[in-house]
Amino acid sequence: TDWIDATFKNSTSTNHIVSLSGGTDKIKVYGSFGYMNNPGVMENTSSNKYNGRFNVEANVKPWLTVGMQLSGYISNSDLGDTDNVFTYSSATTPGMVFRAPDGRYGAMNNLEDDAQSANNNPLWRLNSISGNNRKDNVRARFTGAFKPFKNFSINASYSYEGLNQLQESKPVFIDLWNFQNETITKSGVTKSSYYDYNYKLERDFWDVTANYENRFFQKNLGVKAMVGASAEQYWTKNFSARKYDMIDISLDAIDAATGEAAATGNKTDWAMNSYFGRVNLDWNNKYLLEFNLRTDGSSRFAKGNRWGWFPSFSAAWRIDQEAFMKSLVNKGLSNLKLRASYGTLGNNSVANYAAISVYGQSNYVLNNALATGLAQLALANRNLSWESTYVADAGVDFGFLNGKLTGTFDYFNKKTKDIL
């Protein structure tokens, strides 16, 4: 049996989208709705998704613009065991009939084959579980732009994302047959159970920036300034439960089982606040300076170590704009710039609770009997703080033939401290 031909099938996936847009000089609107259906190229792997989007932007006043973007989807997918199909099927017995015309599933037909080869039927693996994996997702973003006077603006936004995943499953009892002697090689009857899994995610993000831009001294000096702040929060929660000995395998609920039960779950969250600013100066677009400063506070670190400061600056000289370079510019020089920069970048990529003591379930012996309690799973490191990367860079940019030939020379030095 060619397991690839027997496992995979031709499939046609369809995707339908209907959209509508319109508006006036004051308001713009866009909406869409879509449906996707994918039968899958293997059995018990089909999926479908409904998605929608609605955007609106309104010029409420000459100095005020607001907007909203909403989107979301609902998806459902089968639970066919695609992960193990490739692991076991590539080792399947060549003479195995995966499924007979009457619907029965096959095992190996040669008694000399290893008995474990009965597990290598890919169709049995795909269809030995039934259930559904549903995901509901919603995303929203609200924006506003405020221009109280010339050269000054304030921009703000708030974003939200929510995800709810629900997975329900139960086993399907499938016997594996030896079709030569019409006997069951491996019985599909096992302990029945029902499994529920729920995962929730929420993410909030907001930011606000104020921008000012102007030119002074007969427009020779250009000034751009920006200050802002942002905050982000990320929250997840999951819960799963399994209960054995179902009253009726056709029922779809935890309470349809009467045997042993087990449950597990956890919750985690993380947050960060940031404040930042930037100033750009230029003189006739020839001499350029930029200063940046940001500070970030992460909940992943203990109090006293949560905030990091990350300054940077850069300078550049556009030599091709100088009067003494005019003859070379006329001969084809399109760009010549010297630049240098130095700055610091921060990194807080550690586990959410690495700085505090975390406890978890653990077994121990009490009075010569096994007992379950809590134990510290890892040593806390309260000295954890921001990893800082310092980068110095110097370079030359050049261009000839009206930009048709360009090049760059760079020298940089990068050093990372307090590596996480």
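## Pocket, cores and sheet

The largest pocket has a volume of about 330 Å³. The structure described here is a predicted model. Lining this pocket are 17 residues, and those nearest its centre are Asp81, Trp124, Arg125, Ser128 and Ile129. Two elements, helix 2 (82-89) and helix 3, each give two or more residues to the lining.

The largest nonpolar core consists of 14 residues, with Tyr105 and Leu176 making the most contacts inside it. Helix 3 (residues 122-127) supplies the largest share of this core, namely three residues. Another core lies apart from it and has seven residues, including Met272, Phe301, Val350 and Leu384. In soluble globular proteins, nonpolar side chains tend to be buried together.

Leaving aside residues up to four places away in sequence, Tyr105 touches Glu43, Phe98, Arg99, Asn121, Leu123, Trp124, Asn127, Ile174, Asp175, Leu176, Trp177 and Phe179.

Three strands make up an open sheet in the order 5-8-9, and their pairing is mixed. Strand 5 (105-106) and strand 9 (183-186) are the edge strands; each has a single partner strand, so one side of each lacks a neighbour in the sheet. Strand 5 runs parallel to strand 8 (residues 176-178), and two bridges join them. Within this arrangement, Gly106 stands opposite Trp177 of strand 8.

Technical notes:
Residues are numbered from 1 along each chain as its sequence is written. This is a predicted model: local features need pLDDT of at least 70, side-chain atom pairs count only at pLDDT 80 or more; totals for chains, interfaces and linings use all residues. Side-chain values use heavy atoms; hydrogens and water are left out. A nonpolar core is a set of buried Ala, Val, Leu, Ile, Met, Phe, Trp, Tyr and Cys residues joined through side-chain atoms within 4.5 Å. Buried means under 20% relative accessible area, exposed over 50%, partly exposed in between (1.4 Å probe, protein chains only). Helices (H or I, at least four residues) and strands (E, at least two) are DSSP runs, numbered from the N terminus. Contact means heavy atoms within 4.5 Å. On a 1 Å grid over the protein atoms alone, a cavity is a set of points where a 1.4 Å probe fits but cannot get out, and a pocket is an open set with protein on both sides within 12 Å along at least five of seven lines; lining residues have an atom within 4 Å of a point. Grid points are joined across faces, edges and corners, and a volume is the space filled by probe spheres set on the points. Two strands pair if DSSP finds at least two bridges between them.
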